[in-house]
Amino acid sequence: NGWIYVTESGGQFPLRRFDATSGALDPVWQPADSRATLQFVGGELMTWRRITSSGCNTGTVLGTLDPVTGAFREWFRTSAFNGATITRDGDTVYLAGPLPNFQPGGCDIGSALFAYDRRTGVRVHAPPLVGAISSLITADGRLVAAGGAMAMGAAPVNGLVELLRPSGTAF
């Protein structure tokens, strides 16, 4: 669409967009929820931000940003997860990142992968992958996760992992 959208992972700095030809910052495009993480997937500017309480991450708000106005359209909120990476396959949204920990001395424990219906916010399933999941992508009906020390069930895996649907068929 002629724009480059920029965010810092973790949403510490405001979302911005730049003209792809001139590199000029668009001073008008300033989303109201500007400290979210942004990812362009399937023609949509998907965004999510963490919900915090007492300094700990306790959930995630997910939705899209209008690429012209910056208006936010919420899909759903979940308290079971706070997002580190996201992708979409049709109406299924895949999220990976740390799980909330409400115990003293720490805010995040472990990382996991979850699948939600973006229309309802209902968790569809939890693919059996845990660990340092840093990136997700869906392509040609397949879901691929990238990361460091991960585990599929009890088996350690590193690098790239292709996941299967609960029925055993490829995504």
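How much of the accessible surface of the protein chain belongs to carbon and sulfur atoms? The share is 55%, out of an accessible surface of about 8,800 Å² (Shrake-Rupley method, 1.4 Å probe; for residues, only the protein chains shown count as cover).

## What we're looking at

This is a predicted model, so a few ground rules: local features need pLDDT of at least 70, side-chain atom pairs count only at pLDDT 80 or more, and totals for chains, interfaces and linings use all residues. Residues are numbered from 1 along each chain as its sequence is written, and side-chain values use heavy atoms, with hydrogens and water left out.

## Overall make-up

Strands are what you get here: 13 of them, and zero helices (DSSP runs numbered from the N terminus, with helices being H or I of at least four residues and strands E of at least two). Of the chain's 171 residues, 41% count as buried (under 20% relative accessible area, with exposed over 50% and partly exposed in between; 1.4 Å probe, protein chains only). Take the contacts with a separation of 6 or more, and 31% of them come from residues 24 or more positions apart (contact means heavy atoms within 4.5 Å).

Strand S12 (residues 142-152) has a partner in S11 (residues 129-139): the two run antiparallel and are joined by nine bridges (strands pair if DSSP finds at least two bridges between them). Leucine 129 sits opposite methionine 152 of S12. Two residues lie between the strands of this hairpin, and aspartate 140 takes a positive phi near 50° there.

S12 also pairs with S13 (residues 155-163), again in the antiparallel sense, over eight bridges. Here methionine 150 has valine 157 in S13 as its bridge partner. This hairpin likewise has two residues between its strands, with glycine 153 at a positive phi near 65°.

## Two loop residues

Arginine 118 lies in the loop between S9 (108-117) and S10 (123-125), and counts as buried because its relative accessibility is 17%. Its side chain makes a polar contact of 2.9 Å with that of glutamate 44 (a pair of N or O atoms within 3.5 Å; within protein, one must be able to donate a hydrogen and the other to accept it, and residues adjacent in sequence count only if both atoms are side-chain atoms). Beyond its neighbours within four places in sequence, arginine 118 touches several residues, including Trp75, Phe76, Arg88 and Asp91.

Threonine 7 is in the loop between S1 (3-6) and S2 (16-19). At 25% relative accessibility, threonine 7 counts as partly exposed. Its C-alpha atom is 8.9 Å from that of arginine 17, 10 residues away along the chain.
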